[in-house]
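Okay, thanks for coming, everyone. Let me put the structure up on the screen, and then I'll walk you through how the inside is packed.

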Amino acid sequence: RRSAIHPPGLEVTLKLLEIISKRVNYLQDSTLSAAPPLHILVSGGSLTSGMACGINHVGITQPGWVRQYTECAWPARLEHLFNRVLFQGKEVVKVSNLAVGGSNSEVGKAVLEYHLFPDAFDQPDIVIWSHAANDAQEKDKERAFFESIPGFVNAAHNLRICDDHLPLVVMNEEFFGQNNDISGAIYKASNWFGLMGISQRNVISHKTFAKFDNDDYVNSIIDAKGVHPGMGGHIGASWTVFYNFISAFTDACDYRRVSSSPTSIASPDVAAKKIGPYKENGYGDISSEWKEHRDNIREMCLLSGAQEQEASTSELQSPCTYAFMVNRMTSIGTKADVDKKMNEVLTSNTGWKAEGFPIKQPRAGFYAKEPNAHFSLKIDASMETKYMTIMSMKSYGDNFKDTILEVDVQIERKGDAAEVGVGVKSSKYEVTGYHETKTSIHIPHKFELPDGGAEKGDSIVVNFRLVSGSYFKIAGLAFCRY
């Protein structure tokens, strides 16, 4: 029980049990209305994706790159635990591991916010945050802990903005490092937003840190020190998450069993989705902020008609004119995929090339490897498009020193909307590629498009040029409504 930071709310837990029950009944009787599996989305970095998860001290043959991701990483083990331990191997629970190496909470937020998912991706019922390893290494920890993490939580809630409870958001600490600043941030976020909070670190830290200089002892628990634990760490993480869900489910069932009115359960807790902006202190009128937050949600639902949309389909609708991020779980996983996606909008290119691998280093992306490398693209807006996000790598390597990417953006208005004789308005931005933190991480850089953005039918023209340095990596681009 040391792993339990914060329990999930009662209502959302009962909703999850209802989804599971309908799925089990459907698998037993196919004449019933089709019921999809309980869908869990996991967001994280290279640890969560399974890097080094095959390392072990008992002589088991290590899996290859692909099997690390599909079989060895703890999210894959979690799916197996649910379905094999509880449901005789039937697919009652589906886990989608969307972890990408070098991803922090900001990247996770962008993935959720812009729906950078596999094709025909169903709404998740549960979103598990597992970005502790990379967030813990951020230089600006105040921003990472108190802006980026709450931003991820809000993006997860907004996937089903008009559902009072789903998806359940889970804060999961699978990071075993000795720096415990991130633990406090996870605890605060879980408690403030009423999220489910889990920490494998709490289970093993007293054991590992007491004898951290004894490699054999530590390896017997997590199989490898450092950011990327081995097989033991992944097995432990999967069982820890599994245990917390079983504990939450049994608690909810016990409540219903002893409740005097089990068909009408009323929890005194505020739904997590209706809790206002995170505050590190009690200054200001929190009650008014929460009311404003709830009113904003209500207005978003009424204006967009999202309630009807969510009732008619479980498939997510993209808010972007053009968007991708390299992720082997999506249609953009290889250098060939990157090349194809970029060629949809490229108008010229000198010195940039799609390179890399789906999992092993260097990972797939759009790379510049010479000074003054430049490319241009033109995107026809299929909807109102206000923002541009560039997902690029920051690293401490010598090849990243002094690298600066200059980005010039302009909007070409459709038809008669452009004023004759008036120059097209443009904006210019810069993105750097170097930082001193001893890790390589992807960072989303979000910019407002000039002149109020593009309307449907307008064109967005962007020129990219490496004005300093000779190396740069772009891992994704997004042109979206928000």
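So, which residues in the largest nonpolar core touch the most other members? Those are L112, F117, W129, I149, M171 and I182, in a core of 44 residues. Quick housekeeping: this is a predicted model, so local features need pLDDT of at least 70, side-chain atom pairs count only at pLDDT 80 or more, and totals for chains, interfaces and linings use all residues. Numbering starts from 1 along each chain as its sequence is written, and side-chain values use heavy atoms, with hydrogens and water left out.

By nonpolar core I mean a set of buried Ala, Val, Leu, Ile, Met, Phe, Trp, Tyr and Cys residues joined through side-chain atoms within 4.5 Å. Buried is under 20% relative accessible area, exposed is over 50%, and partly exposed is in between, with a 1.4 Å probe and protein chains only.

Who contributes to that core? Elements giving two or more residues include α5 (105-113), β4 (126-130), α7 (141-157) and β17 (472-480). The largest share, seven residues, is from α7. Those labels are DSSP runs numbered from the N terminus: helices are H or I with at least four residues, strands are E with at least two.

Zoom in on M171. Skipping neighbours within four places in sequence, M171 is in contact (heavy atoms within 4.5 Å) with residues including W129, I149, V153, I186 and L195. Apart from this core there's another, of 37 residues, with V338, A364, I460 and F464 among them.

Next, the strands. β16 (residues 459-468) runs antiparallel to β11 (residues 374-380), joined by seven bridges; strands pair if DSSP finds at least two bridges between them. K378 has V461 in β16 as its bridge partner. β16 also pairs with β13 (residues 404-412), again antiparallel, over nine bridges, and there L405 stands opposite L466.

Now aromatics: there are 17 pairs. Ring centres of Phe, Tyr and Trp (its six-membered ring) must lie within 6.5 Å; planes under 30 degrees apart are stacked, over 60 edge-to-face, the rest tilted. W352 and F366 are stacked, at 5.6 Å centre to centre and 20° between the planes. W352 sits in β9 and F366 in β10, so the pair ties together parts 14 residues apart in sequence. Both W352 and F366 are buried. Elsewhere, F82, W239, F242, F245 and F249 make one aromatic cluster.
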